Amino acid sequence: MHDDELDELLSNPAFLRKVLNGFQGPFSLGVAGSDELILSVEETAHQFPPSVEVDGQRIRVKVNRAWKQAQPL
């Protein structure tokens, strides 16, 4: 899957629900490379899927738990 196709998926609510797996806190989600996403969240015990399947293709999800939501100045 090409990066531009992954970019399109990031705005698809059904796809986001798959990746977030019920998580409702602040997050950042972006394309880390071909067939790979990076999900950044604040420290949490929530379990995220290691990958999601779209049109028969498996897309890896790397989770960065060291992210901090930006605070207003």
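Student: Where does Asp 55 lie?
Tutor: Asp 55 lies in the loop between strand 3 and strand 4. Strand 3 covers 51-54 and strand 4 covers 57-64. Helices (H or I, at least four residues) and strands (E, at least two) are DSSP runs, numbered from the N terminus.

Student: And what am I looking at, in terms of source and numbering?
Tutor: This is a predicted model, in which local features need pLDDT of at least 70 and side-chain atom pairs count only at pLDDT 80 or more, while totals for chains, interfaces and linings use all residues. Residues are numbered from 1 along each chain as its sequence is written, and side-chain values use heavy atoms, with hydrogens and water left out.

Student: Back to Asp 55. Buried or exposed?
Tutor: Asp 55 counts as exposed because its relative accessibility is 74%. The cut-offs are under 20% relative accessible area for buried, over 50% for exposed, and partly exposed in between (1.4 Å probe, protein chains only).

Student: What is the phi of Asp 55?
Tutor: Phi of Asp 55 is near 50 degrees, a positive value in a residue other than glycine. Asp 55 takes this phi in the hairpin of strand 3 and strand 4, which has 2 residues between the strands.

Student: In which sense do strand 3 and strand 4 pair?
Tutor: They pair in the antiparallel sense, over 4 bridges; two strands pair if DSSP finds at least two bridges between them. In this pairing, Ser 51 stands opposite Arg 60 in strand 4.

Student: What about strand 2 and strand 4, parallel or antiparallel?
Tutor: Strand 2, residues 36-41, pairs with strand 4 in the parallel sense over 5 bridges. Leu 39 stands opposite Val 63 in strand 4.

Student: And strand 1 with strand 2?
Tutor: Antiparallel, over 6 bridges. Val 31 stands opposite Leu 37 in strand 2. The hairpin of strand 1 and strand 2 has 2 residues between the strands, and Asp 35 takes a positive phi near 60 degrees there.

Student: Since we're on phi, what about Asn 21?
Tutor: Asn 21 is not a glycine, but its phi is positive, about 50 degrees. Asn 21 is found in the loop between helix 2 (13-20) and strand 1 (27-33). With a relative accessibility of 42%, Asn 21 counts as partly exposed.

Student: Switching topic: how many salt bridges does a search of the whole structure find?
Tutor: The search finds 2 salt bridges. A salt bridge here is a side-chain nitrogen of Lys or Arg within 4 Å of a carboxyl oxygen of Asp or Glu. In one, the side chains of Arg 60 and Glu 36 meet at 3.3 Å, N to O. That pair links distant parts of the chain, with Arg 60 in strand 4 and Glu 36 in strand 2, 24 residues apart.

Student: How is Glu 36 classed, buried or exposed?
Tutor: Glu 36 counts as buried because its relative accessibility is 14%. Arg 60 counts as partly exposed, at 44%.

Student: Which residue forms a salt bridge with Glu 53?
Tutor: Arg 58, with the closest N and O atoms 3.2 Å apart. Glu 53 has a relative accessible area of 40%, so Glu 53 is partly exposed.

Student: Which residues form the negative surface patch?
Tutor: Asp 3, Asp 4, Glu 5, Asp 7, Glu 8 and Asp 55. Patches are made of residues with over 30% relative accessible area and no salt bridge, with like charges joined within 9 Å and nonpolar side chains (Val, Leu, Ile, Met, Phe, Trp, Tyr) joined within 5 Å.

Student: Last one, strand 1 again. How is Phe 27 classed there?
Tutor: Phe 27 is in strand 1 and is partly exposed, with a relative accessible area of 33%. The C-alpha atoms of Phe 27 and Lys 68 are separated by 8.8 Å, the two residues being 41 residues apart along the chain.

Student: And Ser 28?
Tutor: Ser 28 lies in strand 1 and is partly exposed, at 34%. The C-alpha atoms of Ser 28 and Glu 42, 14 residues apart along the chain, are separated by 9.7 Å.

Key:
Areas by Shrake-Rupley, 256 points an atom, 1.4 Å probe, with all protein chains shown as cover. Lys, Arg positive; Asp, Glu negative; His and termini not counted. Charge placed at Lys NZ, Arg CZ, Asp CG, Glu CD.
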